[in-house]
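Work through the exercises below with the structure open. Each task is followed by a solution in steps.

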Amino acid sequence: MGKYVLKRIGYMLLTLFIIASVTFFLMKLLPGSPFNNEDRLSDTQKEILLDKYGLNEPVPVQYVKYMTALAQGDLGISFQFDGRPVSTLIGERIGASAFLGMQSLILGTVLGLILGTIAAIRHNSWVDYSATVASVLGLSIPSFVFASLLQYYVGVKLQWLPVAFWTTWEHTILPSIALSLVVIATTSRFMRTEILEVLGQDYIITARSKGLSNARVIVTHAIRNAMIPVITILGPLAVNLITGTLVIERIFSVPGLGQQFVSSIATNDYPVIMGTTLFYSTLFIGVILLVDILYGIIDPRIRISGGKE
Amino acid sequence: MKKSKLTFLMALTLIFSLFLAACSGGKDEAKDPKPEGNDGTKTEKPAEPQVLNLTEVAELPSLDVSKAEDAASFQVLNNVMEGLYRLDKTDKPVPGVAESHEVSEDGKVYTFKIRKDAKWSNGDPVTAKDFVYSYHRTLNKDSAGSYQYIMGDIKNVNKIINPEDPMYGKVEELGVVAKDDHTLEITLENAVPYFVGLTSFATFYPQNQKFVESQGDKYALEANTLVYNGPFVLSEWKHEESWKMVKNDQYWDKDSVKLDEINVNVVKDVGTDLNLYNTNQNDLVGLSSEYVDQYKDNADFKTETEATMWYLKMNQKNPVFKNVNVRKAFSQAIDKESMVKVILNNGSVAANYLVPANFTNIDGEDFRAKYKDGFHAFDAAKAKSDWEAGLKELKKDKVEVEFLVGDTESSIKLATYIAAQLEKSLPGLKVTLNPQPFKNRLDLENKGQYDFELAGWGPDYQDSMTFLDMFVTDGGHNRMEYSNKKYDDLIKSAKTDLSDLKKRWENLQEAERILLEEDAAIAPLYQRGRALLVKPYVKDVFKHGFGADYSYKWAYIEGKQ
């Protein structure tokens, strides 16, 4: 197990190295400079400034310099937010994104699993059909539409919850609900299909014939076995939620990282583009590893060390 | 089967309880009336709370005077800092840290008297040395701020920032000297008439050397790693989220400052901004064009005209635009009145000129007074005959050109209208839109890779020169191969010979006439306006045509309760 994890971490570093290199060279193809008032600067002024920031050196030289610093854990200083280290910048913003992401993931998964399980048990009944309709709607309505509706009706008309901002827990409710919609829809569809499949398996029949109660069969046998594919999608979904909450962050004015990533590209803030890309990649690869390890815990049949047998 | 029913019921209860939990949280919120989130803080005061709530579209990039380069930062700096002078309601410079100034006979040496009661928020006095230190820090070769160029009128600045020059980095050669703590002498390269107004710009603010050095790398990164000398101090700065300005008790003119608190929240979405405005959590909201129709009958609806001009740049690298008749035809082919009313719909004014109205004046006379209506107004018939003359000279009967524009929804909408108007007035013309993100558009413009472009310009300083010197031969903002010796000479003399300001003024008016009437080098479209909603209880927030957008020094709240 330990050896396997080490090997995976080795691959992870290699992948990150490739991502960093590709991003670096692609990023250098972006037109323009990182100065906000670029249209005001004459060519000479631009040259002078590029020189001072070391951006006039050949790209391979810049690349070596960046990678050397990166190897020492230095992500550099933002251009757009002058003087602010990229690591601080990510640190300040990831909190809100992660909280929002986790809260909607938990809310969404719990509701999704319950709905999916119920739909499977009450297979082909009105419960099943309405759950299906609900999840198709959940997947097809873009989250920003749902978010805007929630904001307008719950925030402005009813005034039950704050319209926007990120100060108290109440402020996190609407964005979390808006964001969890897609999670509910995805997990409930998956769960329904999986449970239905599992319920037809021999071991379920065995369990039932042993005289186990229906609830016990569902909870200890069906759900556990149905969880594996669900966990597979949950990994990437979690990363998406933590990082890709851009639209929801924008609508509810959440001080998160999503918006920052986009604006760093629009402003040619090279160190921030690199920093956020690497951060996202690390998170993504890390979650995939975690999911692989989780498989083994949930299903002993795919224990990682099994390869040795 | 009974058991499965039970599971179902349990699950259902769980779901409902989750929703109920969410709702009960909401009810708590509804109990305390949140809209006036700032109520109760100053209840002991008889007057109503002097709190202004605002929003801004992005986090502040930099509050370091030597490095700030964007509108949001300039906006905050203008209210928490102060230069020698500050702009008043009509953009006239009024004394700030300087109580008065004298100008030498040749107009090149300014002596500013620094007021004795000017203080930093930590109690230190603001002295002439703080200005010298600040300018040295900005122009230092390690500082790399992109607004260094705006100091170019001061003696030796352009040499100090140029690595090719022997004087490079020698800030001690700068034409700014502290004669004593309260006397600052600034020597200029040329006797430019707008220098006093320029000292209100953020790059010209003082910095407290002792404080800057004590903070090291952390300087200006947080609310408490910066000292302030303006009407307000920044008391809180939550990055990407909000910041708060409170009245500065050390400010020399604190009796004029009525607001106690200004809260600014980062809101990137206009729809959200409007929802906040409608629930009284924001006192001012800028409207993008799609919201103008919905709100234009609202009692709070207002429009403002800015000093920013939009026009078509026609690239003479393309032989079609090398032809002056074609350019004249383009200038007259667009119905600009309908354009500003129907398409822009936000207070923008149709313009046949380049130097904006109500921007600069001499002896009380507006620059626009001589050619009030500008040149080449919309005239479809005239446009058509010029176009036909142009085509004849080009020996063509059909022309296809590409129209470089920004990629935002509003610029594409505007460009579509312009293209349709051009094609309607000028038979045989085909226009293809080329929408590009800002940096790409700039890149294509700089490389001269476009046929004609929708471009805009706002002033760097309070003088018509900031618009007119863009199009000199090979100028950094020309990029369309326009060249006219007469125009170049007029601009050059207006830049170097400042002995007779009246004559200079006339030369600049003449230069504009040559550019637009004789050569039709660019086709002016409109002077930009801005539509907004402002709560009626917000008073005396002054809008500026140059530098920072707004001043809150004189603002107050009246009639909110």
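**Exercise 1. Domain contact in chain A**

Task: In this predicted model, find how many residues of domain 1 of chain A are in contact with domain 2 of chain A, and sort the domain 1 side by class.

Solution. Step 1: Counting pairs with C-beta atoms within 7 Å, 13 residues of domain 1 of chain A touch twelve residues of domain 2 of chain A. Step 2: The domain 1 side of this contact holds eight nonpolar, four polar and one charged residues. Step 3: For the bounds, domain 1 covers 2-71 and domain 2 covers 89-302 of chain A. Step 4: Taken over C-alpha atoms, the centres of the two domains are separated by 33 Å.

**Exercise 2. Helix H3 of chain A**

Task: Compare the span of helix H3 of chain A with the expected value, then inspect the backbone just after the helix.

Solution. Step 1: H3(A) runs over residues 59-71, which is 13 residues. Step 2: From first C-alpha to last, H3(A) reaches 18 Å, close to the 18 Å expected at 1.5 Å a residue. Step 3: Just after H3(A), A:Gly73 has a positive phi of about 80 degrees.

**Exercise 3. Contact between the chains**

Task: State how many residues each chain gives to the contact, and describe the chain A side.

Solution. Step 1: Chain A gives 55 residues and chain B gives 50 residues. Step 2: Helices of chain A that each supply at least two residues to this side include H2 (43-52), H4 (86-121), H7 (170-199) and H9 (214-243). Step 3: By class, the chain A side has 25 nonpolar, 17 polar and 13 charged residues.

**Exercise 4. A sheet in chain B**

Task: Give the strand order of the four-stranded open sheet in chain B and explain why E1 and E8 of chain B count as edges.

Solution. Step 1: The order is E1-E10-E9-E8, with mixed pairing. Step 2: Strands E1 (51-56) and E8 (232-238) of chain B each have a single partner strand, so one side of each lacks a neighbour in the sheet. Step 3: From one strand to the next, the twist averages 20 degrees. Step 4: E9 (residues 242-247) and E10 (residues 261-266) of chain B run antiparallel and are joined by five bridges; B:Val246 has B:Glu261 in E10(B) as its bridge partner. Step 5: Helix H2 (residues 71-80) of chain B packs on the sheet and touches E1, E8 and E9 of chain B. The direction of H2(B) makes about 140 degrees with that of E8(B).

How values were computed: Residues are numbered from 1 along each chain as its sequence is written. Chains are lettered from A and ligands numbered from 1 in the order in which they are written. This is a predicted model: local features need pLDDT of at least 70, side-chain atom pairs count only at pLDDT 80 or more; totals for chains, interfaces and linings use all residues. The expected span of a helix is 1.5 Å times one less than its number of residues. Domain bounds come from an automatic or database domain assignment. Two residues are in contact if their C-beta atoms, placed from the backbone, lie within 7 Å. Ala, Val, Leu, Ile, Met, Phe, Trp, Tyr, Cys and Pro count as nonpolar, Asp, Glu, Lys and Arg as charged, and the others, Gly among them, as polar. Two strands pair if DSSP finds at least two bridges between them. Axes are lines fitted to C-alpha atoms, for helices over the stretch in contact, and angles run from 0 to 180 degrees between N-to-C directions.
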